[in-house]
Amino acid sequence: YEAAKQGDPLALELVRDTAHFLGSGIANLLNIFNPDTVVIAGGVTQAGDALFEATSDLGVEGVVAKRIDSPYQPGKRTEAWIKVKRQQVIHCVVIGFVAEGDRDFGALIIAAEENGTVRCVGKVGTGFDRRLLIDLRARLDTLEIANPPFTRAIDLPRRAHWVRPELVVQVAFSEWTPHGKLRHPHLVGVRTDKSAEAVVRETT
């Protein structure tokens, strides 16, 4: 790439061929190529665990890992190339659930306290097996109330069943959205050892 930036014809041809092979995204990038704003990084063949841990400090989604001898195949999914996403974990209090079809519920509505205000941080609808679905629905039915449990709560979903805030769950997610919701949440487990009063929004 250094040679291409300096006008070397063979290097330019190689770059164009590579861009064509990888797709129009890099081809468009080459049209506005600016060495001050574009950095083309090399691969890392060692210390992969340390690199992945560093993504947490950088706040990026994760890393792409591949077999060292595997070429890129545009448009094709392959086990030789995988995305390894960084995940965060938070404890939330269940404030309701959304029913869905014949299932015991479609998703739990979860919240956490932030600066003295209980805020809905989204819904979690994955991570349940059939046994847990049945058990949770039985517990939620005993906690059901007519109205949202927090008068100061905001961003609450409609058409929900509300419950007393007594059940605490552990949820994994990829990142916070700009609107303060969990992106790609899934249930890790129910925490019977943690009280609802102790649940606050965790920012790390």
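View 1. The side chain of Arg191 meets that of Asp193 in a salt bridge, with N to O at 2.8 Å; the term denotes a side-chain nitrogen of Lys or Arg within 4 Å of a carboxyl oxygen of Asp or Glu. Asp193 is exposed, its relative accessible area being 58%. The model is predicted: local features need pLDDT of at least 70 and side-chain atom pairs pLDDT 80 or more, whereas totals for chains, interfaces and linings use all residues. Residues are numbered from 1 along each chain as its sequence is written, and side-chain values use heavy atoms, without hydrogens and water.

**View 2. Glu175 and Arg183 form a salt bridge.** Their closest N and O atoms are 2.8 Å apart. Arg183 is partly exposed at 29% relative accessibility, and Glu175 is partly exposed at 34%.

**View 3. Asp135 and Arg139 pair within helix 5.** Their salt bridge has an N to O distance of 4.0 Å.

**View 4. The largest nonpolar core has 35 residues.** Such a core joins buried Ala, Val, Leu, Ile, Met, Phe, Trp, Tyr and Cys residues through side-chain atoms within 4.5 Å. Strand 3 (88–98) gives the most, with 7 residues. Leu108 touches, among others, Val94, Leu140 and Val169 (heavy atoms within 4.5 Å).

Conventions. Buried means under 20% relative accessible area, exposed over 50%, partly exposed in between (1.4 Å probe, protein chains only). Helices (H or I, at least four residues) and strands (E, at least two) are DSSP runs, numbered from the N terminus. Lists of a residue's contacts leave out its neighbours within four places in sequence.
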